[in-house]
Amino acid sequence: MGGSNGKNINLKLKVWRQKSGKEAGHFAEYDAVGVSTDASFLEMLDQVNEKLVAKGEEPIAFDHDCREGICGTCGFVINGNAHGPMKGTTVCQLHMRKFNNGETITIEPWRAKAFPVIKDLMVDRTAFDRIISSGGFISVDTGNAQDANCLPIPKPDADAAFSAAECIGCGACVASCKNASASLFVAAKVSHLSHLPQGQVERKERVERMVAQMEAEGFGSCTVTGACSAACPKGISLTNIARMNSELLCSALTKKEGVAGDGI
Amino acid sequence: MSKLDSQTPGGPIESMWDDHKFHMKLVNPANKRKHNIIVVGTGLAGASAAAALGEMGYNVKAFCVHESPRRAHSVAAQGGINAAKNYKNDGDSVNRLFYDTIKGGDFRAREANVYRLAQVSANIIDHCVAQGVPLAREYGGLLSNRSFGGAQVSRTFYARGQTGQQLLIGAYQAMMRQVDKKQVTLFTRREMLDLVLVNGQAKGIVVRNLLTGAIESYEADAVVMATGGYSNVFFLSTNAMACAVTAAWKAHKRGAFFANPCYTQIHPTCIPVAGDMQSKLTLMSESLRNDGRVWVPKMQGDKRHPSQIPENERDYYLERVYPSFGNLAPRDVSSRQAKYRVDEGRGVGPSGVAVYLDFKDAINRLGKAAISEKYGNLFEMYEKITGENPYEMPMRIYPAPHYTMGGLWVDYNLMSTIPGLFVLGEANFSDHGANRLGASALMQGLADGYFVIPYTIGNYLANHKTEKISTTHDSFKEAENRAKSEISKLMAVKGSRTVDSFHKELGRIMWEYCGMSRNKDGLAKALQQIPKLKEQFWNDVKVPGDANYVNPELEKAGRVADFLELGELMCHDALERQESCGGHFRDEFQTPDGEAKRDDENFCHVAAWEWNGEGKKQTRHKEELKFENIKLAQRSYK
Ligand SMILES: Cc1cc2nc3c(=O)[nH]c(=O)nc-3n(C[C@H](O)[C@H](O)[C@H](O)COP(=O)(O)OP(=O)(O)OC[C@H]3O[C@@H](n4cnc5c(N)ncnc54)[C@H](O)[C@@H]3O)c2cc1C
Ligand code: FES
């Protein structure tokens with residue numbers, strides 16, 4: 001193993017440091033020297049951290065795991081953009097060839113009431129789990145299923161469900177929304193399941209419960225500015241929010257009339 | 001006499017699992033409520049187990065190191081999941097999946113387990129579709145399949161290049177539904193640091209709360225571990241950063257035998273290493289070999305741009321050496337062939353340590369749009385990482401550590417050598433022998449979790465008097481003290497070297513001497529170097545900060561301490577297994593044309609290691625493998 005195409009650059013970092021949620025935070029400055037342009041953004045931070053540790057200082061804490069852009073664990077704001085400057089890319093997949101020698105980079109955590117800071121760049125996103133547990137599923141117990149091909153699903157529906165299901169739950173949508181709304185996250189799940197025949201039975205209860213939980217968690221409301229979708233590393237589309245709203249409306253209307261219908 | 005009883009029920013293999021299910025005892029619904037079960041790990045294996053057990057009415061406590069179960073490493077699986085559905089009418093069957101898996105594993109897996117796996121494979125697809133997992137479909141609305149290595153039928157189901165993500169989200173949602181129903185209680189950001197035994201039975205765990213640093217105890221009537229694989233012993237692997245052997249290793253130290261630790265899978269198609277700061281390697285899914293052709297220049301040291309190398313000066317070596325399987329030869333075989341080409345001086349790219357995976361012919365045949373529909377996200381990922389566009393330039397790939405077939409030994413019921421400790425998914429050793437076929441890990445994890453453990457754990461609970469134990473019991477206190485003292489020891493070293501520097505050094509030793517090929521001298525060298533490195537680690541590691549809050553360096557240090565011990569055991573295991581089989585390739589044991597040469601006379605067994613205490617040599621136990629349904633044969637993909 002070995003080999004490289006890259007060159008080295010030097011950078012100045014302004015990084016948000018906060019020992020815990022209870023303590024006040026501040027920006028600290030670090031030099032990142034001799035960073036390979038082949039390195040990922042997180043590898044650049046690893047390099048800075050190795051130096052901090054060697055000096056006996058605490059490294060910059062950030063969440064990360066797969067480093068392949070799929071687990072949704074990483075995420076912070078780089079120069080004002082959730083996940084940084086490259087469209088459709090998580091910070092772990094952002095590479096240093098996108099930065100210039102001598103640049104100053106500002107790094108701070110997701111900022112939202114419902115995502116309290118844990119330490120430095122780490123935030124608590126468990127609100128997303130609680131939203132999923134209030135209806136983001138299809139109620140089927142193990143061992144009940146019919147043969148999978150007994151339920152043909154038109155490819156366009158399956159593809160639409162898939163596109164919504166691509167959400168990695170990173171929270172960039174919340175971080176980039178001026179209202180810190182979680183609408184795109186919730187809508188992605190509502191839309192994924194409501195596109196599928198399996199998801200029809202519970203669709204009204206699902207959308208009502210999930211939206212109620214989102215509000216209870218302290219996320220703001222959606223004013224359809226589209227900042228969320230623009231920042232989303234998976235390009236989850238705003239039309240999902242429209243779909244969620246229509247599901248919600250449909251649920252409210254049919255409930256008022258006491259009809260057990262399945263659509264507007 | 002071996003201490004290992006596989007508990008294989010006997011009788012014809014076709015009806016064995018059904019008969020066994022009928023004969024196992026059941027726990028009645030009212031009693032299920034009274035049982036607590038701990039599930040450690042919420043990847044595919046753990047989340048599916050927690051969901052299924054919760055649905056049945058057990059009280060489940062589920063733990064993971066991640067902030068959310070949806071982050072588990074299973075999420076990264078790209079290519080697909082196998083199932084013997086025969087939707088393609090191409091001759092697939094339970095028998096064929098069974099056969100392919102046994103052969104793919106180079107005849108080092110237990111027949112009965114593999115047969116059951118093939119049997120339940122179809123149920124997995126049915127269940128996942130019912131959950132709303134958006135698997136790929138054809139225009140007619142039916143499910144689509146692709147081919148994977150080591151098989152001549154199309155039995156792999158997939159969701160673009162995100163199969164693991166979609167299956168995991170399905171299992172996660174099913175588990176969160178049980179959280180909603182209060183059948184499952186979720187404990188995230190908790191790292192299992194010890195297993196607690198009372199009267200020889202697994203009765204609980206001790207964890208570190210990664211947010212507060214608190215050492216916490218939890219009790220149960222049985223413990224299920226699904227904590228994943230240990231490829232990160234190599235430092236650079238395709239595994240996520242938090243993947244570790246710690247939970248399995250601690251259970252090993254409490255008496256669970258560790259089976260076949262030297263069986264590791266080096267995946268042939270990963271993006272090559274680019275520099276010293278590289279923190280992990282990225283897989284390019286095996287599914288790409290459906291349409292990509294692997295080649296190197298015929299000439300040594302050929303530095304021309306690939307587009308300048310004419311067709312007749314290219315060596316499509318997999319197609320040349322394995323005409324019937326071609327680019328879809330299994331992983332161990334393909335990886336070794338790539339290594340041979342690089343060793344011959346025919347590697348490509350700036351480092352010369354890579355081979356090409358070329359899509360030119362497929363793009364000409366099917367069009368760019370069709371290729372993008374199938375592999376778009378993988379191509380994009382490749383470009384983000386390397387800065388090169390694979391539609392125009394062949395990918396550069398090279399093998400990298402990816403999966404571990406070894407793991408905690410389990411019997412047919414998935415129970416370890418510790419009564420009441422069950423092990424699922426990649427953490428156990430069971431179904432893949434010496435080499436796993438692509439798309440079979442997702443299948444195995446979900447088979448274990450959805451369709452095996454729900455039955456076998458009931459039988460255990462019904463057959464064992466399970467006394468309620470409180471976490472104030474001495475065994476819990478002892479385990480807590482062990483965990484605390486290891487942490488204090490790590491914090492107290494205050495040395496001069498970072499944790500990563502040790503991890504990288506261990507990784508280099510393992511890759512060099514216990515990687516794609518191994519030999520006696522190299523392994524002996526590693527067995528001198530690792531203990532020295534371990535000693536240095538405990539004298540010179542530097543862990544900053546304190547233990548009573550979020551401290552990622554401390555977390556890493558604990559994991560590296562365990563990898564150092566595991567690495568040593570892997571080398572012992574590789575040294576003692578004086579044959580080549582699957583992913584374990586000993587230079588001394590090869591056929592004249594460089595293929596793995598097994599020694600069925602002396603090594604047709606599982607090696608399971610027993611911990612004998614700190615600093616003592618471990619005991620190697622054997623479980624003899626019998627092949628009654630498939631004839632032992634030299635594997636051939638030619
Ligand atoms: C990049 C990549 C691609 C792959 N593609 C495929 C594919 O296409 N098809 C296929 O079949 N297989 C594939 N595999 C293999 C497959 O993904 C894994 O083998 C499988 O997902 C493992 O699942 P698991 O549930 O056993 O473990 P994991 O998903 O690794 O889950 C482990 C769980 O244990 C928890 N845990 C670990 N240690 C502790 C501890 N000490 N305390 C508490 N919790 C702990 C973790 O938090 C996590 O929840 C791929 C693997 C990789 C690396
Ligand atoms: S670390 Fe997994 S998405 Fe970035």
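1. Salt bridges between the chains. Eight salt bridges are counted between chain A and chain B, a salt bridge being a side-chain nitrogen of Lys or Arg within 4 Å of a carboxyl oxygen of Asp or Glu. This is a predicted model: local features need pLDDT of at least 70, side-chain atom pairs count only at pLDDT 80 or more, and totals for chains, interfaces and linings use all residues. Residues are numbered from 1 along each chain as its sequence is written, chains are lettered from A and ligands numbered from 1 in the order in which they are written, and side-chain values use heavy atoms, with hydrogens and water left out.

2. Individual pairs across the interface. A:Arg125 forms a salt bridge with B:Glu67, with 2.8 Å between the closest N and O atoms. A:Arg209 and B:Asp180 also meet through their side chains in a salt bridge, at 2.8 Å from N to O. That pair runs from helix α6 (residues 163-180) of chain B, which holds B:Asp180, to helix α6 (residues 203-216) of chain A, which holds A:Arg209. Helices (H or I, at least four residues) and strands (E, at least two) are DSSP runs, numbered from the N terminus. B:Asp180 counts as partly exposed at 26% relative accessibility, and A:Arg209 counts as partly exposed at 29%; buried means under 20% relative accessible area, exposed over 50%, and partly exposed in between (1.4 Å probe, protein chains only).

3. Extent of the A-B interface. Chain A brings 78 residues to the contact and chain B 82 residues, where contact means heavy atoms within 4.5 Å. The buried area between chain A and chain B is about 7,000 Å², with 54% from carbon and sulfur atoms; buried area is the accessible area (1.4 Å probe) that two parts lose on being put together, summed over both.

4. Polar contacts and composition. Between chain A and chain B, 44 residue pairs are in polar contact (both at pLDDT 80 or more). A polar contact is a pair of N or O atoms within 3.5 Å; within protein, one must be able to donate a hydrogen and the other to accept it, and residues adjacent in sequence count only if both atoms are side-chain atoms. On the side of chain A that touches chain B there are 31 nonpolar, 25 polar and 22 charged residues. Ala, Val, Leu, Ile, Met, Phe, Trp, Tyr, Cys and Pro count as nonpolar, Asp, Glu, Lys and Arg as charged, and the others, Gly among them, as polar.

5. Salt bridges elsewhere. Over all chains, the whole structure has 69 salt bridges. Within chain B, B:Glu344 pairs with B:Arg346 in a salt bridge, the closest N and O atoms being 2.9 Å apart. B:Arg346 counts as buried at 10% relative accessibility, whereas B:Glu344 is partly exposed at 29%. A network of salt bridges links B:Asp106, B:Arg108, B:Asp332, B:Arg577, B:Glu579, B:Arg598, B:Asp600 and B:Arg635.

6. Domains of chain B. The domain assignment gives domain 1 (268-400) and domain 2 (479-614) of chain B; such bounds come from an automatic or database domain assignment. The C-alpha centres of these two domains lie 30 Å apart. Domain 1 of chain B gives 13 residues to the contact and domain 2 of chain B eleven residues. Between them the two domains bury about 820 Å², 53% of it on carbon and sulfur atoms. In domain 1 of chain B, B:Arg336, B:Lys339 and B:Tyr340 lose the most area to domain 2 of chain B, together 50% of what that side buries. Zero salt bridges are found across this domain interface.
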